[in-house]
Amino acid sequence: MNRKLPKLYDQITDKMELDPETEMEVEEILETSFEIMTILSNEILTGDFPAEEETEMIAEIQGEIRQEVGTMIGELDEVLNPAQMVQLGQIYAEEVDPRVGQGIVNNGNDGDDGE
């Protein structure tokens, strides 16, 4: 497991007031996404690509990582309300990755537009 996850989970527990079931769902979504993104990132680092296809293959894997981030945000959006998405995004930005955290925040803010 990524070493950032336990600290992320601790921050979610400490700062967000989620019921245990929702918290477990959030952790499962994050863990699954981390596993997929780690596998894809390792493919980039250890991949033995033919020289003429290397740039194209790396770009394709990066696209898969971006797609996984989108999937993760969509799944989180199904279990959290907009305010919780913003809060989680802020925690994620501090603990893991500012860009992905901002994407989660933006999703939460978009959810507030219609209310």
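The model is a prediction in which local features need pLDDT of at least 70 and side-chain atom pairs count only at pLDDT 80 or more, while totals for chains, interfaces and linings use all residues. Residues are numbered from 1 along each chain as its sequence is written, and side-chain values use heavy atoms, with hydrogens and water left out. The protein contains 5 helices and 0 strands, where helices (H or I, at least four residues) and strands (E, at least two) are DSSP runs numbered from the N terminus.

**Overall layout and confidence**

- Read along the sequence, the pattern is α-α-α-α-α, and the C-alpha trace spans about 50 × 30 × 20 Å along its principal axes.
- The mean pLDDT, the predictor's confidence in each residue from 0 to 100, is 91 for the protein, and 95% of its residues reach 70 or more.
- Confidence is lowest in H5, at a mean of 87, and highest in H4, at 96.
- Of the contacts (heavy atoms within 4.5 Å) with a separation of 6 or more, 59% are accounted for by residues 24 or more positions apart.

**Burial and the nonpolar core**

- Of the 115 residues, 36% count as buried, a term that means under 20% relative accessible area, with exposed being over 50% and partly exposed lying in between (1.4 Å probe, protein chains only).
- A nonpolar core is a set of buried Ala, Val, Leu, Ile, Met, Phe, Trp, Tyr and Cys residues joined through side-chain atoms within 4.5 Å, and in the largest such core, which has 27 residues, Leu8, Leu30, Met72, Leu76, Tyr92 and Ile104 touch the most other members.
- Helix H1 (4–15), H2, H3, H4 and H5 each supply at least two residues of this core.
- Tyr92, leaving out residues up to four places away in sequence, touches Leu8, Leu30, Phe34, Met37, Met72, Asp97, Val100, Gly101 and Ile104.

**The largest pocket**

- A pocket is found on a 1 Å grid over the protein atoms alone, as an open set of points where a 1.4 Å probe fits, with protein on both sides within 12 Å along at least five of seven lines, and lining residues have an atom within 4 Å of a point.
- The largest pocket has a volume of about 540 Å³, a volume being the space filled by probe spheres set on the grid points, which are joined across faces, edges and corners.
- Its lining is made of 18 residues, of which Met37, Ser41, Ile65, Asp97 and Arg99 lie nearest the centre.
- Helix H2 (20–46), helix H3 (54–79) and helix H5 (98–113) are the elements that give two or more residues to this lining, and the largest share, 6 residues, comes from H2.
- The lining divides into 9 nonpolar, 4 polar and 5 charged residues, where Ala, Val, Leu, Ile, Met, Phe, Trp, Tyr, Cys and Pro count as nonpolar, Asp, Glu, Lys and Arg as charged, and the others, Gly among them, as polar.

- Val26, in helix H2, counts as buried at 1% relative accessibility, and beyond its neighbours within four places in sequence Val26 is in contact with Ile12, Leu18, Leu76, Val79, Leu80 and Leu88.
- Thr22 also belongs to helix H2 and is buried, with a relative accessible area of 11%, while its contacts beyond four places in sequence are with Val79 and Leu80.
- Gln84, in helix H4 (residues 82–95), counts as buried at 18% relative accessibility, and Gln84 touches Met16, Leu18 and Val79 when residues up to four places away in sequence are not counted.
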